[in-house]
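Have the viewer open while you read.

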Amino acid sequence: MPRAVRQRSNDERIGKDLVAASATPLLLAILQKGPSYGYAIIQEVRELSGGELEWSEGMLYPVLHRLEDQGLIESFEERGDTGRKRRYYRLRPEGKRALAAERRQWDVVHAALAKAWRTA
Amino acid sequence: MKDEDTTNAVPNEPIEQYRKQLVAEAGLADGDLDEIEDHLRLLTAELRDSGMPAAEAVTEAARRLGDPKQVAREHARVRSPFGHLPRARAWSAALLLVPPLLMPMLDAIGYGLTRGAVELGFGVLLALGMIARVPWARPIVFGAMAFFLLPTLFATILWGQSPLWLVWHLGVLAFVMPWRRSELPAAGWNLVLQVWTYGASTLALAYQFTSSDGTISVVMPLATVAMGCAVVGTCGGILRARWGAFASALGAVALLGAIGAMWSMRIRLAHPDLFATYLLGLVSSGAVAAAVAARLAWRTARSTFGTLQHVLR
């Protein structure tokens, strides 16, 4: 059975730089809702962006580890129902402050762009 | 907390292959590898449940996760192959280490450039290295503190050394110890074991062994060889060079020889049997550590001559 696959053109695709820039605030915002793990975080990003944000899934972990190294989040291990250990991440107080700062900055960018596009 | 446990009956071989490729490119810690494997399994299960054949699902999952070489390289930029130590713990350990090492080091230098002065000076440099986040400083400090814990305990209990030293020792150990699996990958454990071997060799050197007929023992030359091998093995471990494994293997053989000599000469020491057992036990642990380090060094080596990539970062 032929499958209709809609290929996004380069213009429609969200640029790599923007994806990278939005990674930290997105991850912090997702973890603000509660502890989560890599696979679930990727699902949430997909859901939040309606599938528009395409993350290379393997690249999520270096970002999470960098945030952990910066002291914004922390990880802990817990066993799932299958008995396998799984690494979860949660926000630290420093992460909450960083998220508030990110939010202010993105609001400014968003407001500026909105104004610019209204007048364009 | 979200959780999904749909990992049953996914094909293992391609997943293990992906994991091996990650290890080959960068020595990731087991915890980090497990995390990526967990993701791969969940993604495979999701694709399979959506109707994709299992073999195709695992290939697609691996594609979506990304080229393992690239994923490993990205990891290596964030995580050192020698492990990860949070800044606060690195500073705490260094601040605890430096003052008690600095004074005896200056004293020892007063008597010339003795081995003791060099070792203490290196300890100070390692402590400063931890502050500067030199990645291999922590496993070396941990190895030294772990090995000398028993001698410190012994000295406190049997020879009346101030218990403050034991408290200090345990304090430093608590900060540098890998409390979680992800903190110290295999390349880091290799360095820990190299230092353990070095410690065992110095212990074998510290006592004068003579045979029952008074001839000079071979313990000293063999322990010196093992000590040299541990130093070479540590350098090889930092560079992640294959030759480090050969040095460790030679060190293991030399220490085994020293243990054999100690045993056959019935250790003529002016101490009770307990002390001889303790001494033989620790030196033997050095031989085991050298053998395991040889295997780890081989497994985590990047190439025959190694790389300078993680020497400073």
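Helices here are DSSP runs of H or I with at least four residues, strands are runs of E with at least two, and both are numbered from the N terminus. This is a predicted model, in which local features need pLDDT of at least 70 and side-chain atom pairs count only at pLDDT 80 or more, while totals for chains, interfaces and linings use all residues. Residues are numbered from 1 along each chain as its sequence is written, chains are lettered from A and ligands numbered from 1 in the order written, and side-chain values use heavy atoms, with hydrogens and water left out.

**The two chains**

Some terms for the table: buried is under 20% relative accessible area, exposed is over 50%, and partly exposed is in between, using a 1.4 Å probe and protein chains only. Accessible areas come from the Shrake-Rupley method with a 1.4 Å probe, and for residues only the protein chains shown count as cover. A contact means heavy atoms within 4.5 Å.

| Property | Chain A | Chain B |
|---|---|---|
| Elements | 4 helices, 2 strands | 13 helices, 0 strands |
| Residues counted as buried | 41% of 120 residues | 50% of 313 residues |
| Contacts joining residues at least 24 apart, among those at least 6 apart in sequence | 48% | 75% |
| Accessible surface | about 7,500 Å² | about 14,800 Å² |
| Part of that surface from carbon and sulfur atoms | 52% | 67% |

Read from the N terminus, chain A goes α-α-α-β-β-α.

**A pocket in chain B's helices**

Now for the second largest pocket. On a 1 Å grid over the protein atoms alone, a cavity is a set of points where a 1.4 Å probe fits but cannot get out, whereas a pocket is an open set with protein on both sides within 12 Å along at least five of seven lines; lining residues have an atom within 4 Å of a point. Grid points are joined across faces, edges and corners, and a volume is the space filled by probe spheres set on the points.

How much space lies in the second largest pocket? About 1,300 Å³. The lining has 40 residues, and the closest to the pocket's centre are Glu119(B), Leu120(B), Ala144(B), Phe148(B) and Tyr198(B). Several helices of chain B supply at least two lining residues each, including α5 (87–110), α7, α10 (186–205) and α13 (273–300). The one that gives the most is α6(B), with 8 residues.

By residue type, the lining divides into 30 nonpolar, 8 polar and 2 charged.

Helix α7 of chain B (residues 137–147) has 10 of its 11 residues buried, so the rest of the structure largely encloses it. Among the buried ones are Arg138(B), Phe142(B), Gly143(B) and Met145(B).

**Aromatic rings**

Rings of Phe, Tyr and Trp (its six-membered ring) pair if their centres lie within 6.5 Å; planes under 30 degrees apart are stacked, over 60 edge-to-face, and the rest tilted. Over all chains there are 9 aromatic pairs. One of them joins Phe154(B) and Trp159(B) edge-to-face, at 6.2 Å centre to centre with 70° between the planes. Phe154(B) is buried at 14% relative accessible area, while Trp159(B) is partly exposed at 49%.

Phe154(B) also pairs with Tyr278(B): the ring centres are 3.9 Å apart and the planes sit at 10°, so this pair is stacked. It links distant parts of the chain, with Phe154(B) in α8 of chain B and Tyr278(B) in α13 of chain B, 124 residues apart. Tyr278(B) is buried too, at 11%.

Over in chain A, Tyr37(A), Phe76(A) and Tyr88(A) form one aromatic cluster.

**Where the chains touch**

Asp38(B) lies in helix α2 (residues 30–49) of chain B and is buried at 6% relative accessibility. Beyond its neighbours within four places in sequence, Asp38(B) is in contact with Tyr37(A), Arg84(A) and Arg86(A).

What about His65(A), buried or exposed? His65(A) is buried, with a relative accessible area of 0%, and is found in helix α3 (residues 60–69) of chain A. Leaving aside neighbours within four places, the contacts of His65(A) include Arg87(A) and Tyr89(A), along with Asp32(B), Glu35(B) and His75(B).

Definitions and conventions. Nonpolar A, V, L, I, M, F, W, Y, C, P; charged D, E, K, R; others polar.
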